[in-house]
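Please open the model in a viewer and keep the selection tool at hand.

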Amino acid sequence: AWCPLAPSATRRSPSSTSGSPMTDAISVWIHILAVTVWIGPKFFLFIAAIPALRTLEDVEVRTRVMRIIVTRFGWMAWIALAVIILSGIGNLFMVGSDAPFSLWGDDYRWNRVFAEKMVFVAVAAGLTALHTFYVGPQQLRLVAQARANPDDVRYLRRVSMAVSGVALLAGIGALYMGVLLAHHEYSFQPR
């Protein structure tokens with residue numbers, strides 16, 4: 001299948017099923033767009049939105065705004081992750097039809113890089129789930145309490161930042177591994 005990072009001589013495989021590099025690029029484009037939607041807002045939340053919300057002194061307003069932001073972000077992030085997984089599977093089949101080796105062997109760099117990418121994806125998704133379903137709700141409940149212990153609030157904030165930060169770094173790692181996979185001059189070489 002077409003690969004935007006491959007040299008022009010290898011951009012279109014004779015085995016390409018669609019016959020059009022533009023058509024072949026749609027799945028890759030959807031995948032990259034979904035990754036952008038998944039990772040980009042994490043930067044925004046981590047660097048801008050959450051620190052800005054902490055400056056609001058009215059606890060009720062801060063909690064209400066935080067709940068709206070994280071709920072909408074959660075829906076967007078999980079939908080994007082589903083699209084990433086589905087388009088990734090489609091891309092895997094496209095690469096598989098063009099690869100000069102078995103995708104399930106271990107003789108080529110592609111196999112190692114793909115395995116490493118899946119580890120990064122699993123870590124990012126697992127930590128995102130931990131934050132979405134446990135840490136985040138705990139933090140919102142604690143912040144909403146009028147008499148919450150400030151030490152507990154600070155501790156949970158640090159846990160939240162650590163989990164979110166490592167999830168973001170894992171997502172960035174997965175993105176980098178995806179670029180290596182798409183660069184067939186590198187990934188299609190024997191180990």
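The bend at a residue is taken here as the angle between two axes, one fitted to the seven residues that end there and the other to the seven that start there. The model on display is predicted.

**Helix H1.** Begin with residues 21-53, which make up helix H1. By the definition above, H1 bends by about 50 degrees at Leu 45. Its 33 residues reach 45 Å from the first C-alpha to the last, close to the 48 Å expected at 1.5 Å a residue.

Is Ser 27 buried or exposed? With a relative accessibility of 17%, Ser 27 counts as buried, because the cut-off for that class is under 20%. Beyond its neighbours within four places in sequence, Ser 27 is in contact with Ser 87, Gly 90, Asn 91 and Met 94.

**The nonpolar patch.** Now select Ile 26, Trp 29, Ile 30, Leu 33, Trp 75, Ile 79 and Val 83, which form a nonpolar patch on the surface. Together these residues have about 720 Å² of accessible area. Helix H1 and helix H2 (59-98) each supply at least two of the patch residues, and H1 gives the most, with four. Leu 33, a patch member in H1, is partly exposed, its relative accessible area being 42%.

**Helix H3.** Move to residues 109-144, helix H3. Its 36 residues should span 52 Å at 1.5 Å a residue, and the end C-alpha atoms are 50 Å apart, which agrees. A bend of about 45 degrees is found in H3 at His 131. Select Val 119, also in H3: this residue is exposed, at 52% relative accessible area.

**Salt bridges.** How many salt bridges does the structure hold? There are three.

- In helix H2, select Glu 60 and Arg 64, four residues apart. Their closest N and O atoms are 3.8 Å apart. Glu 60 is exposed at 58% relative accessibility, whereas Arg 64 is partly exposed at 45%.
- In helix H3, select Arg 112 and Glu 116, also four residues apart. Their side chains meet at 3.2 Å, N to O.
- In helix H4 (residues 150-182), select Asp 151 and Arg 154, three residues apart. Here the closest N and O atoms are 2.5 Å apart.

An α-helix has 3.6 residues a turn, so positions three or four places apart point the same way.

Technical notes: Residues are numbered from 1 along each chain as its sequence is written. This is a predicted model: local features need pLDDT of at least 70, side-chain atom pairs count only at pLDDT 80 or more; totals for chains, interfaces and linings use all residues. Side-chain values use heavy atoms; hydrogens and water are left out. Patches are made of residues with over 30% relative accessible area and no salt bridge: like charges are joined within 9 Å, nonpolar side chains (Val, Leu, Ile, Met, Phe, Trp, Tyr) within 5 Å. Accessible areas come from the Shrake-Rupley method with a 1.4 Å probe; for residues, only the protein chains shown count as cover. A salt bridge is a side-chain nitrogen of Lys or Arg within 4 Å of a carboxyl oxygen of Asp or Glu. Buried means under 20% relative accessible area, exposed over 50%, partly exposed in between (1.4 Å probe, protein chains only). The expected span of a helix is 1.5 Å times one less than its number of residues. Contact means heavy atoms within 4.5 Å.
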